[in-house]
Amino acid sequence: MVIKVYIASSSGSTSIKKQQQDVMGFLAANKIEFEECDIAANEANRKWMRENIPEESRPATGNPLPPQIFNESKYCGNYEAFFDAREDNAVYAFLGLTAPPGSKASMKKTPQPCHMRQCLSYVQKTHVI
């Protein structure tokens, strides 16, 4: 499965440029294979991206702006959704990928045993309650 990041190489918006760099930089740093699909230089890419973003994920007015992220033809989300997933250590799930062993996303949080009795006993011995 290849992650596809739809970008605009000639965007006049510094915000869009930074978001595109942020997504692609993160993917490269984490050795997640991806393909850049330029919607500014390739009309077919622009058309495909716009047609394949689900209706509920489209902006109320205008066209969806890059970066838009897909896993092959499955829509993952836009920059805001990517950012939220990254903050929650859930990027692999967001991308529809299995997290590599040892990554934060692959480590399940196991509840620690409760030592309440030991703590209470210690407090009772050391402090007047």
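A: Contact here means heavy atoms within 4.5 Å. Helices (H or I, at least four residues) and strands (E, at least two) are DSSP runs, numbered from the N terminus. The model is predicted, so local features need pLDDT of at least 70 and side-chain atom pairs count only at pLDDT 80 or more, while totals for chains, interfaces and linings use all residues. Residues are numbered from 1 along each chain as its sequence is written, and side-chain values use heavy atoms, with hydrogens and water left out.

The part examined is helix 3, residues 79-87, in which Tyr79, Phe82 and Ala85 are the buried residues (under 20% relative accessible area, with exposed over 50% and partly exposed in between; 1.4 Å probe, protein chains only). Viewed down the helix axis, these residues fall within an arc of 125°, so they line one face of helix 3; the arc is that of the directions from the helix axis to the C-beta atoms. Their packing partners are helix 1 (14-29), strand 3 (68-71), strand 4 (74-78) and helix 4 (91-95).

Just after helix 3, Asn89 adopts a positive phi of about 55°.

Rings of Phe, Tyr and Trp (its six-membered ring) pair if their centres lie within 6.5 Å; planes under 30 degrees apart count as stacked, over 60 as edge-to-face and the rest as tilted. The whole structure contains 8 aromatic pairs. In one of them, the ring centres of Phe26 and Phe82 are 5.6 Å apart and the planes lie at 80°, so the pair is edge-to-face. Because Phe26 lies in helix 1 and Phe82 in helix 3, this pair ties together parts that are 56 residues apart in sequence. Phe82 has 0% relative accessibility and therefore counts as buried. The rings of Phe82 and Phe94 have centres 6.2 Å apart and planes at 65°, so this pair is also edge-to-face. Since Phe94 belongs to helix 4, the pair joins parts 12 residues apart in sequence. Phe94 is buried too, with a relative accessible area of 13%. Phe26, Tyr79, Phe82, Phe83 and Phe94 together form one aromatic cluster.
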